[in-house]
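The sequence and structure come first, and the notes follow.

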Amino acid sequence: MEKPPEEEAASTREDIGGEGGQLQAAGAAEASEEDHTTLLLRLREQTKQQLLEYKSMVDANEEETPEEILQEEQIEAKIEGLENEIQDAKTAFEVKTLMLHRLKLSALLENNLENIDTKMSLFIDNMKHILKLNKSITASQQESWDLEEKLLAVRKKRLQLKQASASKLLEMQTERNKQKNILESMENSGMLKDVRQSLQKEIQITTVVQHVFQHTIPRAAWRLLLFCIFIHILTSFWGVKSTGQRFLP
Amino acid sequence: MSVLRPLDQLPGLNTATVLLVSTEDALLQQLADSMLREDCPSQLMIHLARSLPLPSNVTRPRIDLVVFVVNLHNKYSLQNVQESLCHVDANFFLGKVCFLATGASQENQCSIHHNTILKLAHAYRSPLLFCDLTTKDFQFSVAQRLVRMLQVCAGHIPGVSSLNLLSLMKTSEIPSLEDL
């Protein structure tokens, strides 16, 4: 509401300013040529000064003051901090949602378990059956272990018996060897030789006696004599045999 | 409706433009007249506005100096100035803004304390001139000062820039302001 009249006021004053400027311009026009040169010089100085001001302004705008740089760094650091905070908040939110899901799921599971008792009984029956089976398995395993132990005991006994029999056989062999040795020693001894020599002597004696009697005694008597000799030989033989038996162990 | 920026246009040859902002129309008119009567080698352009921002559909020359006139007898003028200050670019406060507190001689009628306007000027780092525009002598002297300042701000005085005007802020009378 107020601005249009202000602008009017400004324009009127512009007119006033223009008038003043015109007045002074007229004053300047009345001056001499020297004044003109001074005016030109003054204007040169003015433009120089204004140019300097603009230059300084441009430089000031171009150059970033260390404060501004610091501020920018601070702003960047703040932005980084805020981004980190946003990330933290996001992760915290996700974790919390996951926790909520978990809680919901656990609650639902509890409700379901409470509601479905029949299915639960089936489950329990199955579990009981499985337990029974497990127990029977363990019992049978125990039995098998016992049997194995018995088998081992039997094998042990057999081994011991084997060892005993082996030792007995060894003893028997030694006994036999001893007997053999004794027999051999018996054969090698001079008693049998003596018996044989005596036998040879007896045979020779009989042959000599036979020859003698064949020539001297007739046939009938011969036969009787032969018979007697035969009996004599037999009896002598028997006597030898009985003595032999006496020497036997 | 745009923010007022310094050095946004090329300067006119030998012209210096000042913008006077205040709700006190009559006083501003008198001040502008007395400024135009001042002996000045360059051409003066004086814009008056009741408040900022200025309408953007009008072409105006480069504004070299903004003068906020506060009537110490009127609280509304201070409020208006405070609202208008929001529409001024920060670079303007490098010596191209001046506060003018009028009515300072009649202290018994003041509705704004001196300290508040001092604080305002200190907060915006701009020189503050106390005056009484109703008396003619004060008006002439203030007009003369403003014209000199305008010449400096427009770059018509070689070797002196508007930043040098910030030395006007250094006053030995009120050392406690820094502590405020």
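B:Thr17 stands opposite B:Met45 in strand 2 of chain B, where strands are DSSP runs of E of at least two residues and helices are DSSP runs of H or I of at least four, both numbered from the N terminus. Strand 1 and strand 2 of chain B pair in the parallel sense over seven bridges; two strands pair if DSSP finds at least two bridges between them. This is a predicted model, in which local features need pLDDT of at least 70 and side-chain atom pairs count only at pLDDT 80 or more, while totals for chains, interfaces and linings use all residues. Residues are numbered from 1 along each chain as its sequence is written, and chains are lettered from A and ligands numbered from 1 in the order in which they are written.

**The sheet of chain B**

- Five strands of chain B form an open sheet in the order 2-1-3-4-5, with parallel pairing.
- Strand 2 (43–49) and strand 5 of chain B are the edge strands, each pairing on one side only.
- From one strand to the next, the twist averages 25° (angles run from 0 to 180 degrees between N-to-C directions, and axes are lines fitted to C-alpha atoms, for helices over the stretch in contact).
- Strand 4 (residues 97–102) and strand 5 of chain B are paired in the parallel sense over four bridges, and the bridge partner of B:Thr102 in strand 5 is B:Cys131.
- Helix 2 (residues 75–85) of chain B packs on the sheet and touches strand 1 (15–21) and strand 3 (65–71); the direction of helix 2 makes about 150° with that of strand 3 of chain B. Two residues are in contact if their C-beta atoms, placed from the backbone, lie within 7 Å.
- Strand 1 of chain B is mostly covered, with six of its seven residues buried. A residue is buried if 20 or more other C-beta atoms lie within 10 Å of its own, exposed if 12 or fewer, and partly exposed in between, with C-beta atoms placed from the backbone.

**Overall organisation of chain B**

- Chain B contains four helices and five strands, which follow the pattern β-α-β-β-α-β-α-β-α along the sequence.
- Of the 180 residues in chain B, 43% are buried.
- Among contacts in chain B with a separation of 6 or more, 81% join residues 24 or more positions apart.

**Packing of helix 1 and helix 4**

- Helix 1 (residues 25–37) and helix 4 (residues 136–153) of chain B pack at an angle of about 65°, and their axes are 9 Å apart.
- The contact involves B:Gln30, B:Leu31, B:Ser34 and B:Met35 of helix 1, together with B:Gln139, B:Phe140, B:Val142, B:Ala143, B:Leu146 and B:Val147 of helix 4 of chain B.
- The residues of this contact between helix 1 and helix 4 of chain B comprise seven nonpolar, three polar and no charged. Ala, Val, Leu, Ile, Met, Phe, Trp, Tyr, Cys and Pro count as nonpolar, Asp, Glu, Lys and Arg as charged, and the others, Gly among them, as polar.

**B:Leu133**

- B:Leu133 lies in the loop between strand 5 (128–131) and helix 4 of chain B.
- B:Leu133 is classed as buried because 23 other C-beta atoms lie within 10 Å.
- Beyond its neighbours within four places in sequence, B:Leu133 has contacts that include B:Leu27, B:Gln30 and B:Leu31, as well as B:Thr102 and B:Val142.

**Backbone features of chain B**

- The peptide bond from B:Leu52 to B:Pro53 is cis, with omega near 0°; B:Pro53 is in the loop between strand 2 and strand 3 of chain B.
- B:Asn14 is not a glycine, yet has a positive phi of about 60°; B:Asn14 is in the segment before strand 1 of chain B.
- B:Arg125, also not a glycine, has a positive phi of about 55° and lies in the loop between helix 3 (114–123) and strand 5 of chain B.
- B:Arg125 counts as partly exposed because it has 13 C-beta neighbours inside 10 Å.

**Confidence in chain A**

- Chain A averages a pLDDT of 81, and 79% of the residues score at least 70; pLDDT is the predictor's confidence in each residue, from 0 to 100.
- Confidence in chain A is lowest in helix 1 (residues 3–30), at a mean of 40, and highest in helix 4 (residues 117–188), at 92.
- Over residues 1–28 of chain A, pLDDT stays under 50. Where pLDDT is low, the predicted coordinates should not be read in detail.
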